[in-house]
Amino acid sequence: MLIVLAASIVLVMVTILVLYETLRLTSEHLAELPVPPRWRIVAVVLAAFAGHTVAVWIYAVAYWLLVLRLGLGSFSGVPVTTFEDCLFVSVVAYSSLGYGDHAPVGHARLLTGVEALNGLLLIGWSASFTYLAMERYWPLHGKARAHRAAKAHGPADGEPGRERFFPPTTGT
């Protein structure tokens, strides 16, 4: 039990650091990307997905090592005998999907429970990060389009593109 508890603590710390570094590097280099705002947001989503994928694989390696190699816990239901099975268990636990194909038994229950909580927190963290990126880059979509339209049609009164969302009022 102590080995699985210690492994759970290490896994949580490692996956937090993986996602932290993924989001930090994304944040530092996002403004440097020579792409339109739309692709910057897509880059954020892909980077978050990559960070979560690495976290899932880290847990899969832990299941493979702790459950299949060291025998610390097991799974009932569909047999877990390969690394691919461990990867599936990890995806299901991390995402809190809970298919029910594999039910953890013994010490594996602690590991899958910790992974589910860890996945929930990390997914929430990346969702918050994605929201902040969208808050920053989403408004630039309209500005770029309005700027191109203003160049094509000449100068307009007021803020370019504003009339699309806030039409001028008629004499009140």
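**Exercises on a predicted helical and stranded chain**

Along the sequence, the protein chain runs in the order α-α-β-α-β-α-α-α. Here helices (H or I, at least four residues) and strands (E, at least two) are DSSP runs, numbered from the N terminus. The model is predicted: local features need pLDDT of at least 70, side-chain atom pairs count only at pLDDT 80 or more, and totals for chains, interfaces and linings use all residues. Residues are numbered from 1 along each chain as its sequence is written, and side-chain values use heavy atoms, with hydrogens and water left out.

**Exercise 1. State how many helices and strands the protein chain has, and what share of its residues is buried.**

Step 1. The protein chain contains six helices and two strands.

Step 2. Of its 172 residues, 30% are buried, where buried means under 20% relative accessible area, exposed over 50%, and partly exposed in between (1.4 Å probe, protein chains only).

Step 3. Contact means heavy atoms within 4.5 Å. Among contacts with a separation of 6 or more, 72% join residues 24 or more positions apart.

**Exercise 2. Describe the largest nonpolar core and the contacts of Phe75.**

Step 1. A nonpolar core is a set of buried Ala, Val, Leu, Ile, Met, Phe, Trp, Tyr and Cys residues joined through side-chain atoms within 4.5 Å. The largest one has 16 residues, and Tyr63, Phe75 and Leu111 have the most contacts inside it.

Step 2. Two or more residues of this core come from each of helix H1 (2-30), helix H2 (37-69), helix H3 (83-94) and helix H4 (108-137). H2 supplies the largest share, five residues.

Step 3. A second, separate core of 14 residues includes Leu30, Val44, Ala60 and Leu87.**Exercise 3. Determine whether His52 is buried or exposed, and which residues it touches.**

Step 1. His52 is found in helix H2.

Step 2. The relative accessible area of His52 is 11%, so this residue is buried.

Step 3. Not counting residues up to four places away in sequence, His52 touches Leu19, Tyr94, Leu122, Ile123 and Ser126.

**Exercise 3. Examine the span of H4 and list its buried residues.**

Step 1. H4 has 30 residues and reaches 42 Å from its first C-alpha to its last. This is close to the 44 Å expected at 1.5 Å a residue, the expected span being 1.5 Å times one less than the number of residues.

Step 2. The buried residues of H4 are Ala108, Leu111, Thr112, Glu115, Asn118, Gly119, Leu122, Ser126, Phe129, Thr130, Ala133 and Tyr137.

Step 3. The C-alpha atom of Gly119 is separated by 9.4 Å from that of Val91, 28 residues apart along the chain. Val91 lies in helix H3 and counts as partly exposed because its relative accessibility is 39%.

**Exercise 4. Classify Leu5 and Ser96 by accessibility.**

Step 1. Leu5 lies in helix H1; its relative accessibility is 39%, so Leu5 counts as partly exposed.

Step 2. Ser96 is found in the loop between H3 and strand S2 (102-105). With 47% relative accessibility, Ser96 also counts as partly exposed. Although Ser96 is not a glycine, it has a positive phi of about 60°.
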